[in-house]
Amino acid sequence: MRFKDVFSIIGPVMVGPSSSHTAGAARIGRSARHLYGKQPEKAVIIFYGSFAATYQGHGTDRAIVGGLLDYDTDDSRIPMALDYAKQSGLEVSFEEGRGIVRHPNTAKLILSDRDGGSELTMTGISIGGGNIEIIEINGFNIKMTGIYPTLVIQHYDSPGVLAYVTQALSLEGTNIAHMSVDRKNRSGNAITVVEIDGEIKEGILERIAQMDALISVGIIDLSQETQTEEQK
Amino acid sequence: MNFSTLNELAALCEAKNMTIGQLMLEEQSRESGRTPEAEFATMAQYYEVMKEAVHKGLNEDTTSPSGLTGLDAQRVVNYGKQSEMNLGGAAGEVMAYALAVSEVNASMGRIVATPTAGSCGVIPGVFVSSQRRFSWTDEHMVYGLFAAGAIGYVIANNSFISGAEGGCQAEIGSAIGMAAGALVELRGGTAAQAVHAVGLALKNTLGLICDPVAGLVEVPCIVRNGFGAVTALAAADMALAGVRSVIPSDEVIQVMMEVGSSMPEKHRETAKGGLAQTPTGRKIMQEL
């Protein structure tokens, strides 16, 4: 089922004008912000397909930058997000991507420090009604929807990693909703993305942090309240 | 969810002696692991946003950033005050409310995607005006939204709800079907009647292309929301009167899928065809 629950049909609450181009874009931006772990200093945003053709009219640019500022889809600051980004030291540039992409509403984000350090790349698609899929992180092909709290684990491809992760979840009494795994090459770098039911408990992160093959672990949780709600 | 077609949905409601709204709330709660009270509260908040959007669209300046659209809802209301509307008061009001919400959307105001932002006027238009007319409680309306959600869930998973994928029949058509089915239930009709209303409504939008001028969710999207809300009333009335969708509603959904899949790309939200490529449509795009 592409649409999993009643609120993927009725909802989200959002600022207009387009659930695909505005709300979906905000969620893609916010997913990247969460995984980056803090506000990036620099963001290159590459729009493909319909996003590239109409992003200004739909506020896709403002929505995706709003997401990078951790705004939810209904945040009234979205129409002014480009100004807020400038004020908070986030330097943004937009490009129109070329080539064939899988979905007409595709955006690729490259986040980094001002000098280009700690780079994160993420590609998301907006599938309608504000629903999204993240299909790429740092060059790995993955699949996640943002509906569930999600663990993004980058690690070395070695035996026992998945068993370790699933055991950590099981020990904390947490159920896996969906999971996707990709690697660059055998024994090279790999990524495991785990969408879970319920919240990501502190104990899970502690256990995963101790894993030998770990490179990094991040969380994407779009159900979290925006940090600076009082500024609305 | 324990259903994937409208037929299954109606059968489940009958077997459990529940309305579509009650069944959807139960299913949603089971799926999410949250309590029914928590799910109900979320939907109740969404309904508040819909009411606020209607109010805003009827009372504030809704001129869009492009300057192309705005204030049409208020024009309809003023016209209705000055002369007898062809539609009559109730349908005129549903149309004005739907236009209002859709205009708030175009002006980057706060709305609920139902099922999308491009079609966000239909359900609030039908719900908020019908609540006023029939003096229903908010609780009744929230169950109605769960019913609309159940219908949309079936359409979305068996066909599509976005113009980019299936043309405007997928966006506005889905919204009309959802509103029509939910209105049947709100008026006390059976689940089977609600399902007929969905089929009746969807038939009337089959083949509708998505051709937004300059790619914006404004022309013709806003007026299609106004027309859509009126159509939902008509479909609900037919179903409540006992009119059946001779082609079962699940088969109509399949036809929408077939038609949308064979629609050329230029008629699916790309602004490469239809109204967007008329001489005036092209001129507007160049001037923006």
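## Basis of the description

Because the model is predicted, local features need pLDDT of at least 70 and side-chain atom pairs count only at pLDDT 80 or more, while totals for chains, interfaces and linings use all residues. Residues are numbered from 1 along each chain as its sequence is written, chains are lettered from A and ligands numbered from 1 in the order in which they are written, and side-chain values use heavy atoms, with hydrogens and water left out.

## Where chain A meets chain B

The contact, a term that here means heavy atoms within 4.5 Å, involves 30 residues from chain A and 45 residues from chain B. The buried area, which is the accessible area (1.4 Å probe) that two parts lose on being put together, summed over both, comes to about 3000 Å² between chain B and chain A, and carbon and sulfur atoms give 64% of this area.

Between chain B and chain A there are 14 residue pairs in polar contact, with both residues at pLDDT 80 or more; a polar contact is a pair of N or O atoms within 3.5 Å, where within protein one must be able to donate a hydrogen and the other to accept it, and where residues adjacent in sequence count only if both atoms are side-chain atoms. On the side of chain B that touches chain A, the elements that give two or more residues are α2 (20-32), α3 (36-59), α5 (89-106), β1 (110-112) and α7 (138-158) of chain B. These names follow DSSP runs, numbered from the N terminus, with helices (H or I) of at least four residues and strands (E) of at least two. Of these elements, α7(B) gives the most, with nine residues. Sorted by class, this side of chain B has 25 nonpolar, 14 polar and six charged residues, where Ala, Val, Leu, Ile, Met, Phe, Trp, Tyr, Cys and Pro count as nonpolar, Asp, Glu, Lys and Arg as charged, and the others, Gly among them, as polar.

The two chains are also joined through strands, since two strands pair if DSSP finds at least two bridges between them, and strand β1 (residues 13-15) of chain A runs antiparallel to β1(B) with three bridges. Within this pairing, V13(A) has V112(B) as its bridge partner.

## Salt bridges

Side chains of opposite charge can pair when their charged atoms come close. With a salt bridge taken as a side-chain nitrogen of Lys or Arg within 4 Å of a carboxyl oxygen of Asp or Glu, the count over all chains is 21, and two are found across the interface of chain B and chain A. In one salt bridge, the side chains of D74(A) and R110(B) meet at 3.0 Å, N to O.

Within chain B, R34(B) and E39(B) form a salt bridge whose closest N and O atoms are 3.0 Å apart. The surroundings of these partners can be described by relative accessible area, with buried meaning under 20%, exposed over 50% and partly exposed in between (1.4 Å probe, protein chains only); R34(B) is partly exposed at 38%, whereas E39(B) is buried at 1%. K283(B) and E287(B) form a salt bridge at 3.9 Å, N to O, and, being four residues apart in helix α13 (residues 279-287) of chain B, they are separated by about one helical turn. E287(B) is exposed, with 60% relative accessibility. In chain A, R30(A), D70(A) and D72(A) are joined into one network by salt bridges that share partners.

## Strand β6 of chain A and its neighbours

Strand β6 (residues 131-137) of chain A is largely enclosed by the rest of the structure, because seven of its seven residues are buried. On one pairing, β6(A) runs antiparallel to strand β5 (residues 120-128) of chain A over six bridges, and T123(A) stands opposite E136(A). On another, three bridges join β6(A) to strand β7 (residues 140-144) of chain A, again antiparallel, with E136(A) opposite N141(A).

The hairpin of β6(A) and β7(A) has two residues between the strands, and N138(A) there takes a positive phi near 50 degrees. The side chain of N138(A) is joined to that of Q154(A) by a polar contact of 3.4 Å. Q154(A) lies in strand β8 (residues 150-156) of chain A and is buried at 14% relative accessibility.

## A buried valine in chain B

V184(B), in helix α9 (residues 168-186) of chain B, is buried with a relative accessible area of 0%. Leaving out residues up to four places away in sequence, V184(B) touches several residues, including G189(B), A197(B) and L240(B).
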